[in-house]
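Here are my notes for you, written as numbered points. Have the structure open while you read, and find each part as it comes up.

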Amino acid sequence: MTFWHILLGRLTWDSLVFVEAWRNPTISEIIGGLAGGVAVLGAALLFGLITILGRWRYLWTVWLTSLDHKKIGIMYMVFAVIMLCRALIEAVLMRTQQAIAINNPGLVAPDHFAQLFSTHGTIMVFFVGMPLLTGLMNFVMPLQIGSRDVAFPYMNSISLWLTVGGGIMMMASLVVGKFSTGGWSGYPPYTELAFNGGVGPDYWIWAVSLSSLGAMMTGINFAVTVYKFRSPGMRWMRLPLFTWTTLCTAILMIFAMPPLTVATLLLAADRYLGMHFFTNDLGGNVMNFVNLFWLFGHPEVYILILPAFGVYSEVVSAFSSKELYGYTSLVIATMVIAILSFTVWLHHFFTMGQSAGVNSFFGIATMLIGIPTGVKIYDWIWTMFWGEVRFSTSMLFSIAFMITFVIGGMTGIILATPPLDYLVHNTLFLVAHFHNMLIPGTLYGVIAGYYYWFPKAFGFRLSEKWGRIAFVCWVPGFYLAFMPLYVMGASGVARRTQELFDPALRPWVIAAEIGALLLLAGLASLFIQLYVSIRQRHTTRVPVGDPWDARGLEWSMSAPPPEYNFAVIPQVSRRDPFHWQKINNGAYKPADHYRDIEVPKNSMCGVLIGLGMTACFTGLVWHMWWLAVCGFTFSLGTAIARSFMRDVRRTIPAAEVEAQHRRWLETTAAALPIPRHLEMTPENEGLAKWQG
Amino acid sequence: MSKTSTGLITRAVGSPIRRLRKGVTMGLTVMAAGLLSGCSVLSRGFLGAAGPVAAAERHEFYLVGAVMLLVIGPVLLLTPLIAWHYRLANTKSAFRPQWGFSWILEGLIWIPPTIIVIVLAVFLVDDTVRLDPYRPLSPGLSPLQVQAVSLDWKWLFIYPDQHIASVNQLILPAGRPVHVSLTSGTVMQSLLMPQLAGQILAMAGMTTQLNFAISQPGTYWGENAQYNGAGFDKQKFQVLGVNPVDFNRWVASSRQTPRLLDDAAYRTLSRESVLSQPVTFGSVEPGLFAKIVHQAIRPGYLRQHEDANSHG
Amino acid sequence: MARLTTEPELRHAGLNLADDPREVREQVESDVFGFWVFLMSDAVMFALLFAVYGTMRHATAGGPGPEQEFKFHSAFWETALLLTSSFAYGMVSLSMKHARGQLWLALWLGITFCLGAGFLKMEIHDFLTMFHDGATPERSGYLSSFFVLVGMHGFHVLSGLTWILLMGVQLAVFGPDDRVKVNLIRLGLFWHFLDLIWVVIFSVVYLEGLSL
């Protein structure tokens with residue numbers, strides 16, 4: 001044990017991708033080196049830019065240390081979009097590899113390809129899907145229930161920074177060391193020490209652990225917020241649908257994250273302490289991992305999809321200018337889906353040799369989920385019925401979702417039938433199926449929600465034109481990229497295949513490649529949309545805050561909202577409260593009297609705890625035990641120190657609240673009420689003309 | 001959206017589209033032709049079923065697919081139709097913003113799907129029991145016994161009654177049921193022969209089972225479908241269905257092969273490697289499969305990893 | 001802010017909140033409720049560890065099993081210590097409820113700490129004895145699952161002890177202010193929860209293991 005050995009653990013020069021690319025300059029290694037270079041350069045550029053612009057103080061005091069649920073929500077989404085860029089580029093690289101590698105090794109080596117599909121899956125699930133939705137829920141849910149913040153703002157910040165820490169570890173794996181090659185599900189014994197001694201599976205274990213810790217805390221936070229922080233009169237059956245889905249998602253997070261924590265913890269026990277939970281020898285049993293993982297994994301699917309269902313419920317109702325059809329059915333369907341999601345985990349491994357009885361039980365349970373899901377789709381269709389549908393970007397994505405999602409539902413029923421699952425399990429058919437659920441189910445939902453709530457968050461609308469261009473890329477792109485995968489899967493092509501051997505597959509892989517490129521173009525057009533929208537923001541401002549003539553409480557304040565959300569906590573007397581306020585002339589009225597408002601002060605503790613745990617886990621990955629101990633002690637110390645702080649809240653005096661509120665009411669009075677057919681024009685200042 | 005703003009958008013998006021239209025049309029034609037010719041690959045999968053199990057599963061696939069098409073058909077039609085008919089610009093369509101509930105519609109969206117799921121569930125139970133991979137095909141005929149061991153990155157097939165073994169080649173008499181016992185000599189793997197039967201996992205320390213048959217003599221293929229490392233793509237093998245006479249001839253000729261599959265040979269075989277050619281063993285140490293299941297032989301990959309670690 | 005007056009008065013067993021403003025009471029309510037939710041999540045984790053233990057009960061791989069390694073008297077005394085410590089914590093809550101003064105609070109907290117520490121010391125001693133016999137977690141899947149399940153409970157006890165110490169310091173620094181009281185209630189929930197988990201461990205692991 002030399003000093004260097006203790007200091008650096010397993011880290012050597014060879015761990016750097018650049019060194020590897022220098023020594024062994026194959027295309028695959030050079031691609032790896034380039035990716036690492038982009039990661040390092042991107043980080044350096046970002047730091048440099050912030051330093052040159054002198055924005056560190058602003059960033060630190062206004063954003064990073066903020067405990068405001070709205071800012072935390074936005075930071076979640078920014079983080080997720082950065083991760084999405086990487087994971088989508090990886091997807092394109094994988095498709096390119098398959099398009100080229102028919103009876104030749106192609107661009108990337110097998111080991112590199114395996115890292116690509118592992119990081120792609122891990123990032124998309126834990127660092128894109130979940131943070132995107134957590135961000136949306138963070139921003140919207142407290143506004144919808146008439147609350148000033150979430151129940152535990154400080155814990156909210158810790159959740160965010162734990163998740164970001166996991167993302168930092170994922171990015172670090174681009175530069176130092178290799179990521180796991182065991183896929184996003186990390187099945188042992190392949191990920192055990194006997195088969196994979198390197199840092200890869202450890203990166204996976206600890207990055208995922210950070211995310212699952214953050215998600216569990218988020219779940220507790222959201223559930224308590226919905227239970228305890230609703231404004232007076234906001235009874236259960238008056239909650240907006242998005243809040244309902246947030247609650248169900250939170251409950252899923254509370255119960256589904258522990259199985260993942262247990263699975264990764266036990267795998268870590270095997271790898272670090274030589275235990276035998278999932279090893280081949282001495283009584284280990286890999287089936288325990290598979291069960292634990294999917295006990296988490298299936299509810300996770302609904303964690304990723306339920307909030308998007310909530311978004312669609314809001315968007316379809318708002319852009320059909322109409323009440324949501326079948327509110328009660330939608331609530332019941334959401335709850336049923338949440339409960340059933342815990343009873344179907346075994347359908348992820350019908351092929352493990354259980355008895356026909358067990359497989360039948362879980363197959364039927366899986367099909368049952370189809371009923372409430374179908375009900376939801378029809379509820380959205382009937383919401384458009386007898387309405388006035390405006391084809392905004394949000395609405396286009398919602399309609400594309402309904403059509404695309406049911407196709408995924410069809411293949412889902414096929415996979416839920418055990419004998420059919422035997423045929424297509426572990427093939428590209430399965431890959432096509434879950435992308436068919438998650439791209440419309442999660443991604444389209446997030447885009448729809450992003451377009452819908454963006455004016456609320458930033459005070460100006462997004463470019464409609466570029467939204468449509470994005471739509472033209474994302475929707476046909478999806479079909480082109482994934483329909484061929486169904487065909488290839490039905491032809492017996494296994495998933496995670498780096499090289500193909502049948503030239504007849506060529507047209508399909510090329511179609512999929514074009515689709516993947518279109519999806520990348522879709523992402524690019526979202527960036528252009530943001531850029532263009534910021535440039536032309538002076539013509540799209542909606543300071544009054546209700547650009548879409550919408551119905552929930554989140555539209556009843558200025559855009560962007562004040563940090564305390566509501567000048568006066570609203571009294572709710574029926575569903576769609578803001579809509580009825582507008583109809584009954586109750587909206588945009590000053591309050592009788594204003595009161596002092598307490599908001600949480602900013603705190604750096606969340607950032608420090610998150611980064612401390614990241615240091616701890618990075619230390620564990622590289623066997624730098626000192627770093628692990630220091631990181632953990634630092635986080636624990638910060639948490640303890642924070643518990644000694646008593647002066648953690650700040651009061652906004654009633655006079656200031658009143659002044660702000662009155663200023664907004666003046667803006668409102670000066671604004672021109674806009675009928676629906678003019679909502680995309682510069683005249684729209686966020687004041688809707690009520691048209692019945 | 002008003003007429004004017006729609007017009008604006010059409011103009012803005014429309015002009016590049018018009019320019020691109022010709023190219024796109026041509027591209028689509030070429031691609032469609034390519035995809036049509038590409039459909040031949042489907043015959044490599046279960047749609048080209050060549051045995052009773054895969055054929056039954058294919059039949060069920062068509063059935064479930066047809067039922068599901070009926071289910072999703074209305075959504076595929078109604079969604080665009082209703083959205084378009086009730087568009088803002090269509091002033092002739094009715095507008096009832098307060099309408100949000102109807103018992104009839106509630107019945108329509110809850111009850112028929114429930115009935116369909118019940119029907120599908122009945123099929124599901126029946127087919128799952130009938131096509132249970134553990135269930136012998138025809139109780140009267142004694143099946144050919146095969147023991148399959150998944151290794152990195154190849155398949156070892158032991159014929160216990162014939163006392164021979166082959167690697168990456170499965171030769172079977174057509175028309176006779178086959179019973180496979182599977183285990184893994186390494187990580188978890190999955191045996192998939194798309195034209196013959198559904199897949200089943202192979203795991204170390206335990207056995208799983210698969211029953212199937214080949215209807216007609218012919219050449220088919222199999223693979224491992226569960227990722228297991230760098231040689232994963234190449235872990236494919238040929239399945240040869242031959243007539244019983246040829247099968248017996250093959251067994252007899254294989255026995256002439258001097259190669260013996262014993263502990264030492266297994267240790268070498270279980271090192272991580274990709275074989276370029278199938279290998280045949282003329283004799284097999286009795287009870288070898290049981291020893292592999294009970295992990296009485298130290299597999300070769302462990303030694304390989306220890307060597308690699310001591311160098312690194 | 002008008003509230004429906006028919007709502008039941010918000011109460012909490014360990015706190016005298018009647019004179020506090022409603023916002024404070026609501027905050028306290030949700031703080032404690034949030035901790036209940038966390039315990040639910042933690043309970044799921046333990047349930048899964050029990051399930052894993054159950055499936056690995058016979059995966060001893062020829063190594064030592066419970067009948068050689070478990071000692072009834074030590075498991076019994078560990079149980080006694082932990083249950084008594086739970087009683088002591090009950091006294092902490094009562095002292096807080098009846099505002100008996102800081103000294104009583106500190107005294108009962110101290111007793112809880114000592115009993116908990118005694119439990120942990122016995123458990124570590126048991127573990128070391130098992131290690132000495134060659135019953136280490138690396139020996140078999142069964143022993144892995146045993147050490148992780150019981151060790152995870154032990155780790156929780158250790159966290160609880162740290163928390164008790166911390167609350168002792170806070171009591172000295174701040175006296176029983178609102179946040180200290182809320183945290184004492186949460187700590188109480190945590191400590192009783194550990195008791196509950198131990199009772200299950202005692203029954204499922206030790207009694208079952210020794211009954212064979």
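1. Let's start where two chains meet, keeping in mind that this is a predicted model. On chain B, 85 residues are in contact with 89 residues of chain A. Look for these elements of chain B, which each give two or more residues to the side touching chain A: α1 (3-38), α2 (52-85), α3 (103-130), β6 (189-193), β7 (197-202) and α7 (300-311). Sorted by class, that side of chain B has 52 nonpolar, 23 polar and 10 charged residues.

2. How do the chains pair up overall? There are 2 pairs of chains in contact, and chains A and B share the most contacts. Chain B and chain C, on the other hand, do not touch: their nearest C-alpha atoms are 11 Å apart.

3. Now stay with chain B and find its open sheet of 6 strands, which run in the order β8-β5-β1-β2-β3-β12 with mixed pairing.

4. Zoom in on one pairing in chain B: strand β2 (residues 154-159) and strand β3 (residues 164-167) are antiparallel, with 4 bridges.

5. Over to chain A. Where does Gly73(A) sit, and is it buried or exposed? Gly73(A) is in helix α5 (residues 69-100) of chain A. Gly73(A) counts as buried because 26 other C-beta atoms lie within 10 Å, and the cut-off for buried is 20 or more. Leaving aside residues up to four places away in sequence, Gly73(A) touches Gly135(A), Leu136(A), Asn138(A) and Phe139(A). Check Pro131(A) too: Gly73(A) and Pro131(A) are 58 residues apart in sequence, but 8.7 Å apart in space, C-alpha to C-alpha.

6. Last stop: helix α16 (residues 464-490) of chain A. This helix has 27 residues and reaches 39 Å from its first C-alpha to its last, close to the 39 Å expected at 1.5 Å a residue. Of the 27 residues of α16(A), 20 are buried, so the helix is largely enclosed by the rest of the structure. Just after α16(A), look for Gly492(A), which takes a positive phi of about 90°.

How values were computed
Residues are numbered from 1 along each chain as its sequence is written. Chains are lettered from A and ligands numbered from 1 in the order in which they are written. This is a predicted model: local features need pLDDT of at least 70, side-chain atom pairs count only at pLDDT 80 or more; totals for chains, interfaces and linings use all residues. Two residues are in contact if their C-beta atoms, placed from the backbone, lie within 7 Å. Ala, Val, Leu, Ile, Met, Phe, Trp, Tyr, Cys and Pro count as nonpolar, Asp, Glu, Lys and Arg as charged, and the others, Gly among them, as polar. Two strands pair if DSSP finds at least two bridges between them. A residue is buried if 20 or more other C-beta atoms lie within 10 Å of its own, exposed if 12 or fewer, and partly exposed in between; C-beta atoms are placed from the backbone. The expected span of a helix is 1.5 Å times one less than its number of residues.
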